[in-house]
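Here is a short report on one protein model.

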Amino acid sequence: MDFEPTEKQVFWRDRVKNFIEQHVRPAIPTYREQDAEGDRWKVIPVVQELKAKAKADGIWNLFMPPRNEGHHHVEETYEFEGPGLTNLEYALCAEEMGRVGFASEVFNCSAPDTGNMEVFHRYGTREQKDEWLTPLMNGEIRSAFLMTEPYTASSDATNIETRIERDGDEYVINGRKWWSSGLGDPRCKVSIVMGKTDFSAGRHAQQSMILMPNDAEGVNIIRHLPVFGYDDAPHGHMEVELKDVRVPVTNMLLGEGRGFEIAQGRLGPGRIHHCMRTIGVAEEALEKMCKRLQEREAFGKPIYKHSVWEERVARARIDIDMTRLLCLKAADMMDKVGNKAAKQEIAMIKVQAPNMALRIIDDAIQAHGGGGVSEDYGLASAYAHQRTLRLADGPDEVHARSIARMEFAKHTPNEGPSSNALRNSNAQSASAGSAAASADMSSGDIGATR
């Protein structure tokens, strides 16, 4: 087992890291000033400037999967498709992006656009790609993913109540969604909506995904939803009513009843992206904690010399490195054997990463005292956003259920017909749990660009 990163992995990781240190981090004060000025729901100029520079430097669309046998994501006229990194190669870049909240957007690698672009790439028609994928990959527009609903337990996607009904050459959409991340951005032009086209079909064949222009008649934004008091502008998370929204039949993705299939295809990479960014957040918190502890004295000696802090810092380093290895293992398995075979590792990292980061951020807040709960050090907002990730892409409990049932399937006692049946039942339940966990992909994008 070789733990040394390859030349390609180091090359792209360091390009991202150096760009962040040279251009993105120095722009943080400007970002904060522009973010606080005027209308909350706007395009922030410094981010646009950094995007143009990153694009010109070729550090762009790093998340897009490798092209197969010359197949291109969009037409040949597209400027830069990205280097075609594997999940493992991109994971190292995503960690660096997680260190600064808006860095992902600078490289056109922010949620929910990354997952949506992969959906277009995997399942979109030529016409759908030309209309929506090209401007998304060019960084000209943003997108949203509408899945979670306020009146039903959306951690189980089979509960979704939004209706998508065919009427001649159109589909009519009716329902209410919330935690629709990105709808506050004036550049957000298209949403992928999950609803039901056939309530009488099999449990996992009722759902479909359809493309909805956000300026369509009947799309009514009810309110924005703060996260622990943070409005996350200009990205935002919205509650939206869909009332008799009409879209062409050509806007259906892949076909009626194939929503779960699409969700599973979008599921694995999105989780890896979140988890690797989370590791970057944890590294930032640990760095701030170490600096603070060495700058201040209490009870006659530097704070870092108090044994409780030595223990906390040591635990933080151990937890970050263990979590990174698990995440890289999951990414490597996805590349080598596919998302389905890596489902247990994906579920494990989804539970582990935010819980690990929350513990470290909490210690960093404690080390900063009153400053830790202010916005001076960014720790309070980091904590709020990491807490949402324990719900995003499915809550911890769904993933733990899936992990446990896969484990039970390995160790069913008393070999025989009944035990085989139990093993098969556990394996099927684990797979269903993984599918259900995809339900919260809308809320999974909460705060992903902050």
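Arg-246 is partly exposed, at 40% relative accessibility. Here buried means under 20% relative accessible area, exposed over 50%, and partly exposed in between (1.4 Å probe, protein chains only). The model is predicted: local features need pLDDT of at least 70, side-chain atom pairs count only at pLDDT 80 or more, and totals for chains, interfaces and linings use all residues. Residues are numbered from 1 along each chain as its sequence is written, and side-chain values use heavy atoms, leaving out hydrogens and water.

The whole structure holds 36 salt bridges. A salt bridge is a side-chain nitrogen of Lys or Arg within 4 Å of a carboxyl oxygen of Asp or Glu. The table gives three of them.

| Pair | N to O distance |
|---|---|
| Arg-246 and Asp-167 | 2.9 Å |
| Glu-89 and Lys-8 | 3.5 Å |
| Arg-317 and Asp-321 | 2.9 Å |

Glu-89 lies in helix H4 and Lys-8 in helix H1, so this pair ties together parts 81 residues apart in sequence. Helices (H or I, at least four residues) and strands (E, at least two) are DSSP runs, numbered from the N terminus. Arg-317 and Asp-321 are four residues apart in helix H9, about one helical turn.

Is helix H4 enclosed or open? Eleven of its eleven residues are buried, so H4 is largely enclosed by the rest of the structure. Glu-89 is one of these buried residues, with a relative accessible area of 11%.

Thr-197 sits in the loop between strands E4 and E5. Thr-197 is buried, at 19%. By contrast, Met-1 is exposed, at 90%.
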